[in-house]
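Trainee: I would like to go through this model one feature at a time. Please give me the general idea before each case.

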Amino acid sequence: MLTYAVSLEKGGTGKSSVAVNLAAAYQQRGLRTLLIDLDAQGHATRWLGVDVAAVRPEDSILGVIRGRPLEVGAVTTAEGVAVLPAHPEMAGLPVALASAPNNGLFALRMALADHARRGSAFDIVICDLPPARSPILATALAAANRCIAPVQPEDLIIQALADLSASVRYAQQVNPALPDVSVLRNRYAPRSAVDMVYDDLLRTDYGEQVLHTIIPVRAAIRESSGFRQSVFRYQGGDAAEVRALFRQLAAELLTRDRAEPIANRAV
């Protein structure tokens, strides 16, 4: 089981779009995929068609922290991706974590381990995080195999990436197998002169941490959200191109994580 945390300590960078469509890409490969929405706003939950109004607090990560099995609250969507949905009461999630053992640092790691011991573990778990440095981020990083940071060519976002990179290095003290942050260029215009300048900066500062796959600005990503579908279900004009890129991203991550046994189980 591989666990990916999609995070950046700044809003508006496309974390939910990456989390949703990457989850759908893995499901398309025949891998059992769980998307955990850790953001009380619930964008990823809604994106995949789950009615947030029908979600009870205990069906979210709040129930998991209180000892509920991970899979009990998960909803299987029309696209086959299982979603542990968000709930508005998750605005109090940092407080709930603070009252858990070890300030909740290992709550998600233990829940994933318990789920695996029950025998029918997910192959891929993707966590969509809120745009803030908080105990939620620490809990996700303590459980993750990799942290993926979607970035755009802006000064504030580059600074947020530096802050997240520091958070990942701190998390390595309790999760030594966690590699340095992986940088995903999202909503990019690769031929833009400004984007090329920032691209050089990212490569200088982060080197091989910069993923090869680039997700450009495409209407299908925005429009699919409105239809509450991933790009793998949405049939808009440029959806086929975006689907190919998310398939490429999914394959690149499996290769980086040397996850051939998982990849070979895909149909």
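Trainee: What is the mean pLDDT of the protein?

Mentor: This is a predicted model, in which local features need pLDDT of at least 70 and side-chain atom pairs count only at pLDDT 80 or more, while totals for chains, interfaces and linings use all residues. Residues are numbered from 1 along each chain as its sequence is written, and side-chain values use heavy atoms, with hydrogens and water left out. pLDDT is the predictor's confidence in each residue, from 0 to 100. Its mean here is 90, and 96% of the residues reach 70 or more.

Trainee: Which strands pair with E7?

Mentor: Helices (H or I, at least four residues) and strands (E, at least two) are DSSP runs, numbered from the N terminus. Two strands pair if DSSP finds at least two bridges between them. E7 pairs in the parallel sense with strand E6 (residues 146-151) over four bridges, and likewise in the parallel sense with strand E8 (residues 210-216) over four bridges.

Trainee: Is E7 (residues 182-188) mostly covered or mostly exposed?

Mentor: Buried means under 20% relative accessible area, exposed over 50%, and partly exposed in between (1.4 Å probe, protein chains only). E7 is mostly covered, with six of its seven residues buried.

Trainee: Which residues touch the most other members of the largest nonpolar core?

Mentor: In soluble globular proteins, nonpolar side chains tend to be buried together. A nonpolar core is a set of buried Ala, Val, Leu, Ile, Met, Phe, Trp, Tyr and Cys residues joined through side-chain atoms within 4.5 Å. In the largest one, of 47 residues, they are Ile36, Leu161 and Leu202. Helix H7 (residues 155-171) supplies the largest share of this core, seven residues. Another core, of 40 residues, lies apart from it and includes Leu31 and Ile148.

Trainee: Which residues of helix H9 (residues 219-226) are buried?

Mentor: An α-helix has 3.6 residues a turn, so residues three or four places apart point the same way. In H9, Ala220, Ile221 and Ser224 are buried. They lie on the same side of H9 because they cover an arc of only 100° around the axis, taken from the directions from the helix axis to the C-beta atoms. On the other side of H9, Arg222 and Gly226 are exposed.

How values were computed. Right-handed = clockwise from strand over helix to strand, strands pointing away.
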